[in-house]
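Please read this briefing with the sequence and the structure side by side.

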Amino acid sequence: MFAKRVVEVPIDLIVPGESQPRTIFRDEELLELAESIREYGVIQPVILKKDKQGIYSLIAGERRTRAAAMAGLTKVPAIVRDETEKNAAIIALVENVQRENLSYIEEATAYRKLMDEHGLTQQEIARYIGKKQSTVSNKIRLLSLPEDIREKLSENRLTERHARALLKVHDTEMRKRILERIITNDLNVRQSERLIEDFLRKAEEEKHKSTKKCYISYKVYLNSIRRAFGEISRFEKNARIYQEDLGDAIEVKILIPKKAGVS
């Protein structure tokens, strides 16, 4: 084990790590943290990994490092660890989930990255971060939302429950219209859920109307054919009509005998 000795590391030698789960840094939040750092300093050391060229990559603490630079500090307290990429990714996730208040989209993306790049299971991730496997699974499901939808959710600071409600909507255009309505009217979660229920109910009603029209249409066609056959059978008693239901279609055959001497 490497000693967890705290050292002062120059900020200009620190670069973001590849495993950093945080991707959004809001200026107002950084400014608030910078003010706190000016007053009290960096209380919690960042965690770094040093390469052969003497450059330090962040495992955890990018937000603190950015705010320290804004506060005018040239160095930050740090713990330097020699970790594999897999362990660095796990530490980065755990540290950020526990200390840095990741967004649910960032958290879900980090879970997926651990699974895809390092082969971790949802159960293993849950154990590392101290949460239920179902919590990890539900977060990852949010990534099925298109990227532009996820960006709008983050930009407008909509909650995870807003995002989860949108999962019920599978039509892309409908989902976009609903999201715009939620944002424009600043709807809370319950109001958003009611809006989605209304959209889905209306869509189902339209679907039934369309199906009913199709049903009526083919009935009209069959009646027209039968009326025409009625006229034929008045003059040709041996004419026959056959009808077969093929499931997604109706097959109709009319047999008219050729009269003697007619080519």
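A residue is called buried here when its relative accessible area is under 20%, exposed when that area is over 50%, and partly exposed in between, using a 1.4 Å probe and protein chains only. This is a predicted model, in which local features need pLDDT of at least 70 and side-chain atom pairs count only at pLDDT 80 or more, while totals for chains, interfaces and linings use all residues. Residues are numbered from 1 along each chain as its sequence is written, and side-chain values use heavy atoms, with hydrogens and water left out. Helices (H or I, at least four residues) and strands (E, at least two) are DSSP runs, numbered from the N terminus.

**Helix α5 and the residue after it**

- In helix α5, which spans residues 122-129, the buried residues are Gln-122, Ile-125, Ala-126 and Ile-129.
- Seen down the axis of α5, these buried residues fall within an arc of 100°, so they line one face of the helix; the arc is that of the directions from the helix axis to the C-beta atoms.
- Arg-127 lies over the face of Tyr-128, at 5.8 Å from the ring centre, where a charge sits over a ring if NZ of Lys or CZ of Arg is within 6 Å of the ring centre and within 35 degrees of the ring normal.
- Gly-130 follows α5 and has a positive phi, near 75°; its place is in the loop between α5 and α6, and with a relative accessible area of 65% Gly-130 is exposed.
- Although Gly-130 and Val-94 are 36 residues apart along the chain, their C-alpha atoms are separated by 8.9 Å.

**Helix α7 and what covers it**

- Helix α7 (residues 147-155) has Ile-149, Arg-150, Leu-153 and Ser-154 as buried residues.
- These residues cover an arc of only 135° around the axis, which puts them on the same side of α7, whereas Glu-147 and Glu-155 are exposed on the other side of α7.
- The cover over the buried residues of α7 includes α4 (104-118), α8 (160-166) and α9 (172-184), with contact meaning heavy atoms within 4.5 Å.
- Arg-157, which follows α7, has a positive phi, near 55°.

- Lys-139 lies in helix α6, residues 133-141, and counts as buried at 7% relative accessibility.
- Leaving aside neighbours within four places in sequence, Lys-139 is in contact with Tyr-104, Glu-107, Ala-108, Tyr-111 and Glu-160.

**The sheet and the helix across it**

- Five strands form an open sheet of mixed pairing, in the order β1-β5-β3-β4-β2, where two strands pair if DSSP finds at least two bridges between them.
- The strands at the edges are β1 (6-10) and β2 (14-15), each with a single partner strand, so one side of each is left without a neighbour in the sheet.
- β1 and β5 run antiparallel and are joined by five bridges, and the bridge partner of Pro-10 in β5 is Lys-75.
- Strand β3 (residues 46-50) and strand β5 (residues 75-80) run parallel and are joined by three bridges; in β5, Ala-78 is the bridge partner of Val-46, and Val-80 stands opposite Leu-48.
- Helix α2 (residues 62-70) lies across β2, β3, β4 (56-60) and β5, and runs at about 120° to β4; axes are lines fitted to C-alpha atoms, for helices over the stretch in contact, and angles run from 0 to 180 degrees between N-to-C directions.
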